[in-house]
Each structure stands twice: as C-alpha cells, then as structure tokens.
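Me: Hi! I'm new to this one, could you walk me through a few spots?

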Amino acid sequence: MHKLNDFLAGIEIYLGGSLWFTLLLLGTGIFFTFYLNFPQIRYFKHAIKVVMGKYDKPGRKGDASHFQALTAALSGTVGTGNIAGVAFAIYLGGPAALFWMLVTAFLGMTTKFVEVSLSHKYRETDEDGFISGGPMYYMKNKLNMKWLAGFFAAMTICSSFGTGSLPQINSISNSLFSTFGFNKIITGAVLAILLGFVILGGIKRIVKVTDKLVPGMAILYVIGALSVLIYNYENVIPSFISVFSNVFTGTAATGGFLGAGFAYAFNRGVNRGLFSNEAGQGSAPIAHAAARTEEPIAEGMVAILGPFIDTIIICTLTGLVILSSGVWTEKLPNQFQTTDMTILADQYDDSQEEDRIKIGDFLAGKKELALFSGDLTVVNGIIQNPVSIINARSLAENVHVYENETELYSGTVPIEDGKHINENGTYFYGKSLVHSAPLTAEAFTHSLLGDWGRWIVSLGLLLFAFSTAIAWAYYGDRSVTYLFGTKGVLPYRIIYCIGIFIASFADTTIIWTISGITIVLMTLPNLIGILLLRKDMKGTMDKYLKDFKKEYPGEI
C-alpha cells in the first residue's frame with residue numbers, strides 16, 4: 001500500500017505541482033483578465049448589488065438565490081486550506097508566499113467569472129425538475145464533446161470522495177479525539193447522520209444550511225483573527241510590508257532552513273492560492289448553476305466575490321495572524337510526524353554558519369548529507385547516538401523519544417535511510433518549526449483570547465471541513481445526475497454518507513493522493529473548454545451589459 005501511495009504521489013506531484021500546470025492556471029486568468037478588460041475591478045460593485053438581490057425578478061428558473069448559490073460555493077472553498085494551507089505556504093515560502101496567493105486570487109476572480117457564466121448559460125433541468133449545471137454541460141451542449149464532459153463528471157465524483165469529504169472528516173475525528181478524547185467511531189456516526197440529513201434534502205436544504213453556516217463560521221474566524229492582530233498591533237504593519245518587500249527574494253524562518261527564495265515563495269503561494277479558491281477547477285460553477293436568474297453573466301459576477309472572500313479576506317487575515325504573532329520563526333514543542341523528520345548520521349549546530357549552509361543546501365537538494373540507518377539507542381528518552389534530527393525543515397532541539405503519552409522510552413529504535421520505521425509504537429517529541437493547522441493554532445494563542453484562541457482554530461477546522469463535505473456532496477450529486485440520471489443520486493448519497501463514517505477511523509492517505517490527481521484532471525478540461533469558448537463568453541457579456549444599461553441607466 002505504501003509503494004502504491006508513493007507511486008500515486010509521484011503522479012500527483014508531476015501533474016499538480018509542476019510548473020506547466022501552475023502557468024496554465026495563471027495564464028488562463030491573465031488572458032481573460034485582459035481579454036474581458038479587468039471585470040474583477042470594473043464589475044465588483046455591481047456584483048455586490050446582484051448578490052444582495054437588487055435586480056432579482058420573480059419567477060426566474062433556479063433552485064437558490066444569488067446569495068445562497070454563493071454561500072454554497074464558498075462552503076466548498078472556505079475550508080481547511082484557509083487555516084492550514086496558508087500556514088503551510090508561509091512555512092515553506094515565507095511572507096512573500098502570501099503575496100502570490102493574493103495575485104492568484106485576483107486573477108482567479110476573472111477565471112471564476114468565466115467558468116460560472118458559461119456553466120450557468122448551458123445548464124439543464126433534470127427529470128425531477130431540479131437545475132443541473134457545471135462545466136460538463138457546456139462541454140456537451142456547446143462544444144459537442146460528450147466524452148470530455150463524461151470524463152470531467154467522473155473526475156468530479158472521484159474528487160468528491162477525496163479533497164471534498166473523506167480526509168476532511170478524518171481530520172475532524174482525529175482533532176476531536178486528540179482534544180476531547182471523543183471516540184472516532186461515534187464521531188463518524190454522528191457526522192454521517194448530520195451530513196445525511198443535509199444532503200438527502202437536496203440543493204434546497206443544502207443552501208438553507210450553508211447560507212447560515214458559512215457567514216457564521218467566517219464571522220467567528222474573523223473575530224478570532226482580529227483579536228490576534230489587535231494584541232500584536234505593533235507587528236501588523238511590518239508584517240504587511242514584509243509580504244511585498246520580499247516578493248523576489250523571500251525570507252527564511254529564523255532557526256529554519258526553508259530556502260524561501262523567489263521559487264519557493266512563488267510556487268507555494270500560487271499553488272495554495274489556486275487550490276484555496278478553486279478558480280479554474282470547475283467545481284464552484286456546479287453550485288452557481290442553481291441560481292435563480294436567466295442572466296448567466298449576472299451569476300458570473302456574483303462568483304467574482306468567491307476568491308475575494310476566500311483568499312483576499314480570509315487567507316490574508318490568517319497570513320497576517322501568523323506573521324504578526326511571530327510563531328512562524330519559532331521552534332515550538334511538538335510531536336514529530338514521520339513524513340517531516342529526517343535523521344542525519346552526524347551532529348550539526350545551526351548556530352554555526354558552516355553547518356547552517358550545509359543543512360540548507362541539503363534541504364534545497366543541492367548537497368547530499370549522510371543519512372542514519374540502523375538502530376538508535378535510547379535511554380530514558382534520550383538518544384545516545386551522535387546524530388542530528390531535521391524536523392519540519394529545521395534542526396530539532398531537546399528531542400526525547402516516548403512510547404506513550406507520558407512514558408519516556410528506553411531501548412532501540414529502527415531507522416532506515418534517515419526515516420523512523422516506527423515498528424514499536426515510539427514517537428519523537430521536541431522543539432522545531434511547525435506548519436499547517438498547528439502553526440495557525442499557535443498563532444491564535446498570541447492574542448487577547450490567550451489559550452482560548454486554539455478553540456477558535458479547532459472549531460473553525462470542524463465547521464470548515466464539514467461545510468466542505470456538504471458542498472462536494474452536491475458537486476458529486478450533479479455529476480452522477482449527468483452520467484446516470486436522477487436514479488443514481490440516492491445510491492450516491494448513501495455511499496457518500498457511509499464513506500464519511502468509515503473515514504472517521506480509517507487511513508485516508510491514499511484517497512487524498514488519488515483526489516489530488518483527479519482535481520488536476522478536472523481542471524485541465526475545464527480550462528481548455530473556457531479558452532475554446534472565449535468568444536462566446538465575450539459576446540454573452542457584451543450583450544448582458546448592453547441590455548442592462550438600457551434597463552438600468554447609470555447603474556453600471
């Protein structure tokens with residue numbers, strides 16, 4: 001199983017982590033931004049008026065209001081990436097990574113405008129009278145590429161079990177177990193029942209939940225973030241300046257060897273930004289297609305607000321919280337993850353410039369250092385061998401080996417090519433840099449709330465992950481409808497809920513890896529499709545603007 005996951009991870013890195021994919025996503029956003037003359041700026045104010053219902057007309061076809069469609073789409077994008085993803089980007093790329101996240105969000109506003117408009121324009125009504133839309137419908141109805149539409153729908157179904165649900169639920173159950181000691185099976189059963197209650201009611205029940213859940217969880221998170229910024233007010237402006245001042249050089253964390261030059265900052269910021277707001281992926285258009293309007297461009301303009309809220313507001317707040325608190329440069333006590341840890345067959349001191357250069361080059365792939373293989377001898381938790389431990393790209397300090405939560409270990413620990421085999425249930429604990437959700441959680445404690453700040457992050461992870469699972473259930477639902485008709489929807493929903501239950505206590509690593517591949521395989525046909533329909537998009541937008549100005553003079 002490990003070899004299969006490593007093989008799939010290699011494919012995922014080649015597809016999603018490669019420069020060509022990043023440039024394709026960015027290039028599409030840049031092209032449409034200029035081709036449509038910066039719609040994310042020109043029509044931003046109009047988008048707010050549309051989502052508030054100013055131009056709504058009774059009797060329009062659809063299953064949700066503009067606001068409900070937006071919150072349903074946001075429930076899929078505002079997720080754990082806003083908490084853990086931003087922290088991981090800054091951890092690897094420094095403050096400048098946040099700048100590139102903002103750039104991708106700005107361009108993504110246009111990409112989402114285009115994909116949502118086209119998906120809404122070519123939507124259909126299913127046998128039960130509900131709206132069914134998404135990229136697969138413009139691929140079928142306009143491009144006449146049914147095979148591509150079917151492929152996109154199949155990849156969406158696969159992704160709904162990956163990034164959309166199973167690993168998210170696994171994260172929730174692990175968090176509740178570690179924080180409160182809640183039984184994982186009971187957690188899974190409760191979550192499956194709650195999720196089933198929501199998704200079995202279809203889009204109308206889903207939007208009734210998300211139009212309250214999304215604003216509520218966003219407000220809670222923003223309040224927590226502001227408490228950090230107020231507490232660290234003297235660091236806010238310098239932190240904001242650092243985001244822009246290190247764009248082309250990057251800044252490495254103190255005590256770490258992040259190598260956060262331009263390449264790290266650009267790659268990590270762009271990748272996290274793109275996958276945070278899902279612009280170009282083709283998922284959000286499925287939710288927006290349900291909006292009650294006969295004007296596809298109007299709903300496309302509503303979609304402009306998605307990346308703005310998700311990335312420019314929420315991700316920026318998270319980034320400033322981490323930077324202003326200073327925790328991203330601190331070595332903190334933590335339990336080492338096997339994937340983050342490497343054991344070197346020599347002793348190094350990061351206070352010595354020569355050693356810092358050696359380890360920095362090693363982590364950047366420029367230099368080889370000897371890895372330890374064999375048995376570590378441990379006495380009362382203290383390693384007796386002359387080794388150094390790299391954890392989270394930093395030289396670990398005060399490392400002890402434990403055999404359970406409280407007992408220090410004595411004995412031998414097998415190591416193979418610098419990696420902990422963990423055959424005897426031991427784990428390493430010490431001080432190092434941290435990343436992802438633990439980094440954000442630590443930052444939230446440097447606030448007016450103190451240790452209560454961790455609860456904001458824990459509750460945020462719970463609500464964000466659960467809302468993401470709701471949204472992706474609908475995306476998979478509409479994709480099943482496209483492939484198999486409405487008869488396939490109920491079985492899909494039941495399987496989805498069963499999967500949620502199993503994911504609460506099972507290892508979902510391979511599912512996450514497969515999903516990373518299917519996400520890319522969703523994005524590629526969607527980007528190709530909207531580029532092929534560029535003239536259709538421009539013509540539809542020009543007609544909407546002409547008609548709107550005639551009906552509402554001076555409004556846009």
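Here is a short chat about cysteines, one asparagine and a surface patch.

Reply: Happy to! This is a predicted model, where local features need pLDDT of at least 70 and side-chain atom pairs count only at pLDDT 80 or more, while totals for chains, interfaces and linings use all residues. Residues are numbered from 1 along each chain as its sequence is written, and side-chain values use heavy atoms, with hydrogens and water left out.

Me: How many disulfides does a search of the whole structure find?

Reply: Zero, taking a disulfide as a pair of cysteine sulfur atoms within 2.5 Å.

Me: Is Cys-315 buried or exposed?

Reply: Buried, at 0% relative accessible area. Buried means under 20%, exposed over 50% and partly exposed in between, with a 1.4 Å probe and protein chains only. Cys-158 is partly exposed, at 38%.

Me: New topic: where is Asn-526?

Reply: Asn-526 is in helix α21, residues 509-532. Helices here are DSSP runs (H or I, at least four residues), numbered from the N terminus.

Me: And what does Asn-526 touch?

Reply: Leaving aside residues up to four places away in sequence, the contacts (heavy atoms within 4.5 Å) include Glu-115, Tyr-138, Phe-152 and Gln-281. Asn-526 counts as buried because its relative accessibility is 0%.

Me: Which helix gives the most to the nonpolar patch?

Reply: Helix α20, residues 489-503, with four residues.

Me: Where is Leu-200 placed, then?

Reply: Leu-200 lies in the loop between α11 (184-199) and α12 (202-231). Leu-200 is partly exposed, at 44% relative accessibility.

Note on methods: Helices (H or I, at least four residues) and strands (E, at least two) are DSSP runs, numbered from the N terminus.
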